[in-house]
Amino acid sequence: MAKPAKRRDRRDGPAAAQNRKQPDASAEQGVPGDSASDRKLLLIFVVFFVLSPAVAVLVYRLKYAPVAEAPGSSARGGAGGGGGGLVKTDVTYQEVLAENSRVSENASRRNFGNPVLAYITPWNSKGYEIAKRFNSKFTHLSPVWYELKSQGSSLTLDGRHNADVEWISDLRKKGDAQVLPRVVLEALPTELLRKKKQRAKAIQLIVTECKEMGYDGIVLESWSRWAAYGILDDPELRSMALQFIQALGRALHSVSLERSGGKNLQLVYVIGPPRSKELEMHDFGPADLQSLDGAVDGYSLMTYDFSGPNNPGPNAPLKWIHFVMRLLLGTGGDKGLGHKIFVGLNFYGNDFDLSGGGGAVTGADYLSLLEKHKPLLRWEKNSEEHFFVYTDQNNAKHAVFYPSLMSIFLRLEEARHWGAGISIWEIGQGLDYFYDLL
């Protein structure tokens, strides 16, 4: 999101506030201790992460089994050239530390044939480097640059100062990935949606910026903000919101790009995952997909941030992702609108203090934690994610969830099942060998 207070933009750097001092001896050896407190921790951990009744969607997590199967021997043989046989559940911290920077010599080969949308943030310069280094792995690149804001009775599009024209030029010399900057709609929604002149102005600002800057379109984020304002609970305003997206899509599609052989400007729309089988008014559901079909070229689905400091656990349980996709698409899979979905993958993780609190960790943070605590990496079967537990100097237990080659592989298989692409938040936070899977 566009401001630090919003969940996804908290993934912008090290969790520096976390206490990462020397753990106890059992954690140093990478094995759980044999004390009563450790046994109690494991019991609490299983009950909290697997059986917690506090989050209704966990019921669906257990009910809707994923269709992705475990990889066969060829997949276990390595992730391109850099995985080194690490697409497995029994990976060790030593293997991660030794192999994470090794990638295939053929960095241009694509192993995931469906569309790949990658977000890049101004506050994480590594993302810009990754976009150039693995350019051919991505079909869409979305730098997080713009905000459409209210300014008195008018509107302004802020963010051109973030735009890196030289970077875009370098990208286009090396590959064909489309550049679609993210635009967050921060304008007062009731004013924007109810006033015809404001709607027209918003569309004009966005289309003009695309033309002047040579973009291939935009990624628009507005649904979560409209939900926060209560706009989507009002049937009339909800209908106006959909009409605005349709009008913006038509306006973008009316512009053809000579540089791209006459292709039209594209619109990718950001949507959040429904949290319950019974859809609420603020949920983006199957009917909305159908309504916007002709206006929207793709949907960036935020299937991550399943857990948080107040509800610690996995980042994106695979069964939950499957449930969300089935809820949106039914059983049609790639025969329906699956090809327009970019299934969200997090390339960040979380370090949870099990007594309360915690925060995001990037790839660099994760490697630092592995070097310091030498933990036993565990495979959590219900979520199909790796995690480890450590104890800090204050004797507080922590659980760290961060993507692994195995967890990413299984989510790529899930996307393939639906004929869907993926969207990565965000590429500056991952480990280099992740890109061998793409």
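Colleague: Which way does H9 cross H11, right-handed or left-handed?
Modeller: In this predicted model, H9 passes H11 in a right-handed crossing, meaning that the near helix is turned clockwise from the far one by less than a right angle. Helices here are DSSP runs of H or I with at least four residues, strands are E runs of at least two, and both are numbered from the N terminus.

Colleague: At what angle do the axes of H9 and H11 cross?
Modeller: The axes of H9 (residues 196–213) and H11 (residues 235–253) cross at roughly 35° and come within 10 Å, where axes are lines fitted to C-alpha atoms over the stretch in contact and angles run from 0 to 180 degrees between N-to-C directions.

Colleague: And which residues make the contact?
Modeller: Taking contact as heavy atoms within 4.5 Å, H9 contributes Arg199, Ala202, Ile203, Ile206, Val207 and Cys210, while H11 contributes Phe244, Ala247, Leu248, Ala251 and Leu252.

Colleague: Switching topic, where does Glu384 lie?
Modeller: Glu384 lies in the loop between S14 and strand S15 (385–391), and has a positive phi of about 60° although it is not a glycine. At 15% relative accessibility Glu384 counts as buried, the cut-offs being under 20% relative accessible area for buried, over 50% for exposed and partly exposed in between, with a 1.4 Å probe and protein chains only.

Colleague: What joins Trp425 and Glu426?
Modeller: A cis peptide bond joins them, with omega about -25°, and Glu426 lies in the segment after strand S17 (421–425).

Colleague: Which pLDDT limits apply?
Modeller: Local features need pLDDT of at least 70, and side-chain atom pairs count only at pLDDT 80 or more, whereas totals for chains, interfaces and linings use all residues. Residues are numbered from 1 along each chain as its sequence is written, and side-chain values use heavy atoms, leaving out hydrogens and water.
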